[in-house]
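Reader: Hello! Could you walk me through this structure and tell me what the terms rest on?

Author: Gladly. Let us look at it together.

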Amino acid sequence: MSKKTSFDITVLPGDGIGVEITPVCIELIEKVLTKLDADVSINFTTFEAGAAYYQKTGISLPEEALAHAQQSDATLLACMGLPSIRYPDGREIAPQLELREKLDLYAGVRPVKTMPGLPLPLADERGSQLDFVMIRESTEGLFSSRESFRIEGQGQDEAAYDTQKISRRGCERLFNFAFKMAEQRKQKGKQGLVTCIDKANVLGSFYYMRQVFDEVAQHYPHLEADHIYVDACALQLVRQPWAYDVMVTENMFGDILSDLCAGLMGGMGMAPSGDIGENSAVFQPCHGSAPDIIGQGKANPTAMFLSAALMLEWLGYQHQNQAMLDAANKINQVVEAAYATGDLLPYELGGSDGTVAISSKVFAML
Ligand code: ATP
Ligand code: MG
């Protein structure tokens, strides 16, 4: 275990409800470290960035913020973008995408863990909670085709093309990441199963991806490896999501399926995520800035709390630091305990608990 005792975190509250849920999240992390009498300190440096900042300054992600994110141990981001503020070419302001690109964050991790005490769209027939992880490749696939997009031909022959890129390097690092995560989870009693989601029966690039997956799987003989076609996967995620442990897929499939996964957890306000690269990582709730509820106190901070836990866990593994792993566990524990009381029902789920009610309940569990 390492002796690193000080960690630097870049904080980007961003837009909309981001500025409402960030302060309570930082407060939770600080309270947890104090409670555990942890042998570490965290220095948070906050930067303005996003759509509102762009409107004020003409810059969406200041150089200092990017440089800090590149040098710090991790970045905690809430949400960015507002529908009414756009770049002159009409694109949404999304510096989180720029960060993903600049920091080469190739693995989008979306843990799917349901909370005891919440009404959920699908309950496990065996009465237990869902607990699996969806990992999405975040640098290539069809989404990397911005460079390859072209329109050819004329009149009735005109056609638009996007090209899907699936590289050996991209696959290998992604699949190794997935198997390592399954290893960590197996140590905590999970199945040790990695399921690759593809469409290898129709597209050659996915057949290639499946072959690389099988090659990588051979290096992890103590773990199970399986494949599923994306269409069958959509069915299974509704019929028996509890059958999975670690799922891994290409960028666009992951984009679509991870929203389905947020639905399984009871809404966007419950779903955390981490975008992870070789040396940097950005952690953020899956939801956007939710312009419809800004300033009403309705924002659910749970996804942000769970993203913070994911960040501390990643730092713990990355630096072999037990204090960070303990702090991550503690956050997960108190959030679960708060929901397990059965007293919390967020607005999104038809209840009347917002930022203050949810964070107070979580703090009370410390
Ligand atoms: P994006 O453009 O990134 O999809 P968005 O603003 O549309 O962002 P979503 O995350 O898609 O936001 O969320 C859709 C709706 O779900 C929001 O408009 C809001 O009503 C609700 N919602 C999202 N996150 C939360 C949250 N943390 N707490 C409460 N409600 C939320
Ligand atoms: Mg949306």
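Reader: Where does Gln320 lie?

Author: Gln320 is in the loop between helix 9 and helix 10 (322–340). Helices here are DSSP runs of H or I with at least four residues, strands are runs of E with at least two, and both are numbered from the N terminus. Please keep in mind that this is a predicted model, where local features need pLDDT of at least 70 and side-chain atom pairs count only at pLDDT 80 or more, while totals for chains, interfaces and linings use all residues. Residues are numbered from 1 along each chain as its sequence is written, and chains are lettered from A and ligands numbered from 1 in the order in which they are written.

Reader: Why does Asp104 count as partly exposed?

Author: Asp104 has 15 other C-beta atoms within 10 Å, so it is partly exposed. Asp104 sits in the loop between helix 4 (95–102) and strand 4 (107–113). Just after helix 4, Asp104 takes a positive phi of about 50°.

Reader: Which residues of helix 4 are buried, and why can one say that they line one face?

Author: Pro95, Gln96 and Leu99 are buried in helix 4. Seen down the helix axis, the buried residues of helix 4 fall within an arc of 105°, so they line one face of the helix. That arc is taken from the directions from the helix axis to the C-beta atoms. What covers these buried residues includes helix 3 (63–71), strand 3 and strand 12 (281–285).

Reader: What makes strand 1 and strand 2 a pair?

Author: Two strands pair if DSSP finds at least two bridges between them. Strand 1 and strand 2 (residues 41–46) are joined by 6 bridges and run parallel. The path from strand 1 to strand 2 passes through helix 1 (residues 18–35), and this β-α-β crossover is right-handed; that word applies if, with the strands pointing away from the viewer, the path from the first strand over the helix to the second runs clockwise. Strand 1 is also joined to strand 3 (residues 74–79) by 5 bridges, again parallel. Phe7 has Ile42 as its bridge partner in strand 2, and Ile9 has Ala74 as its partner in strand 3. Strand 1 (residues 6–14) is mostly covered, with 7 of its 9 residues buried.

Reader: What makes a set of residues a nonpolar core, and how many residues has the largest one here?

Author: A nonpolar core is a set of buried Ala, Val, Leu, Ile, Met, Phe, Trp, Tyr and Cys residues joined through C-beta atoms within 7 Å. The largest has 105 residues, and Ile331 and Phe305 are among those with the most contacts inside it. Helix 9 (residues 302–318) gives the largest share of this core, 11 residues.

Reader: How do you know whether the chain agrees with a compact globule?

Author: For 366 residues, a compact globule would have a radius of gyration near 21 Å, and the chain has 20 Å, which agrees. The radius is taken over C-alpha atoms, and the globule rule is 2.2 Å times the number of residues to the power 0.38.

Technical notes:
A residue is buried if 20 or more other C-beta atoms lie within 10 Å of its own, exposed if 12 or fewer, and partly exposed in between; C-beta atoms are placed from the backbone. Two residues are in contact if their C-beta atoms, placed from the backbone, lie within 7 Å.
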